[in-house]
Amino acid sequence: MTESIRALRQAVQEANRIVVLTGAGISAESGVPTFRGSGGLWRNYSPEKLATPEAFAQDPRLVWEWYNWRRSLICQAEPNAGHLALAELERRKASGPGGPSGFTLVTQNVDGLHDRAGSRNVVKLHGDIWQVRCTGCGAEQRNEQVPLANLPPRCACGAWLRPGVVWFGEPLPEAEWDRAVEASSKAQVFLAVGTSAVVYPAAGLAELAQAAGARLAIVNAEPTPLDALADWVLHGKSGELLPRLL
Ligand code: OAD
């Protein structure tokens with residue numbers, strides 16, 4: 001393990017173009033529950049049942065109660081050492097030969113903890129839990145009220161508001177996806193952190209990057225389907241491992 005960390009740290013230091021893909025695991029040490037594995041359930045519902053347009057159509061109040069719960073946990077959470085290490089890596093790479101595009105952080109998380117840790121160049125593939133969008137007129141706004149009263153909340157136009165996140169079965173925001181693909185296809189090192197790597201198309205970025213020549217590293221608490229492809233696999237907590245890559 002120590003040898004893998006040393007080798008990966010060297011590769012990270014030498015690379016002028018790095019992409020990091022993060023998932024819920026990077027926020028676990030901040031107290032934000034992951035989707036899969038222990039602690040992922042809420043009132044015996046799995047996220048796959050709640051984070052869908054069908055669930056919202058059927059019971060918008062239930063879906064909003066789940067988001068109220070997640071928003072209340074997230075607003076009490078602080079970025080952890082893993083988020084902070086990635087923000088520091090971005091600062092170092094941005095002032096290096098690769099410039100600002102030398103480091104791209106692509107996240108599946110909607111919690112905003114990367115922003116709060118100081119990361120600047122964050123590509124949010126699955127939206128932002130602090131954004132709400134009208135299901136009628138499509139207007140988007142930021143809403144940081146915790147908890148939201150009167151569920152489901154309504155837009156000024158009268159229609160229901162929904163969370164500004166991507167649900168299962170919905171397309172990813174096009175501009176974010178294009179940025180992620182562009183950066184991944186030019187990366188020398190692609191690092192996947194705290195993701196079970198089972199949700200596509202996000203997980204496919206690792207394969208895309210590797211096919212285009214990147215070396216692949218995994219930092220995750222448990223094994224993932226990407227481990228078999230990776231040049232380095234570090235099993236452990238991202239809040240402990242990522243600072244050791246600096
Ligand atoms: P998951 O919950 O599927 O996976 C989180 C991963 O983090 C698991 O493999 C854990 O082993 C690992 N983990 C837990 N604690 C960790 C720690 N301290 N350090 C490192 N790893 C740790 O979350 P995602 O892969 O992000 O999408 O899930 C992908 C998408 O599925 C989410 O963005 C969300 C979800 O449904 C949508 O809502 C569209």
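The paragraphs below take up the nonpolar cores and then the salt bridges.

This is a predicted model, in which local features need pLDDT of at least 70 and side-chain atom pairs count only at pLDDT 80 or more, while totals for chains, interfaces and linings use all residues. Residues are numbered from 1 along each chain as its sequence is written, and side-chain values use heavy atoms, with hydrogens and water left out.

A nonpolar core is a set of buried Ala, Val, Leu, Ile, Met, Phe, Trp, Tyr and Cys residues joined through side-chain atoms within 4.5 Å, where buried means under 20% relative accessible area, exposed over 50%, and partly exposed in between (1.4 Å probe, protein chains only). The largest such core has 25 residues, and those touching the most other members are Val-63, Trp-64, Trp-66, Tyr-67, Ile-129 and Trp-167. Leaving aside neighbours within four places in sequence, Tyr-67 is in contact (heavy atoms within 4.5 Å) with Ala-51, Ile-129, Pro-163, Val-165 and Trp-167. A second, separate core of 24 residues includes Ala-15, Val-122, Val-189 and Leu-234.

Turning to charge, a salt bridge is a side-chain nitrogen of Lys or Arg within 4 Å of a carboxyl oxygen of Asp or Glu, and by this rule there are 13. One of them joins Arg-133 to Glu-140 at 3.8 Å, N to O; Arg-133 is partly exposed at 25% relative accessibility, and Glu-140 is likewise partly exposed at 46%. Another links Lys-186 with Glu-182 at 2.4 Å. Through shared partners, salt bridges also join Asp-115, Lys-124, Asp-128, Arg-142 and Glu-144 into one network.
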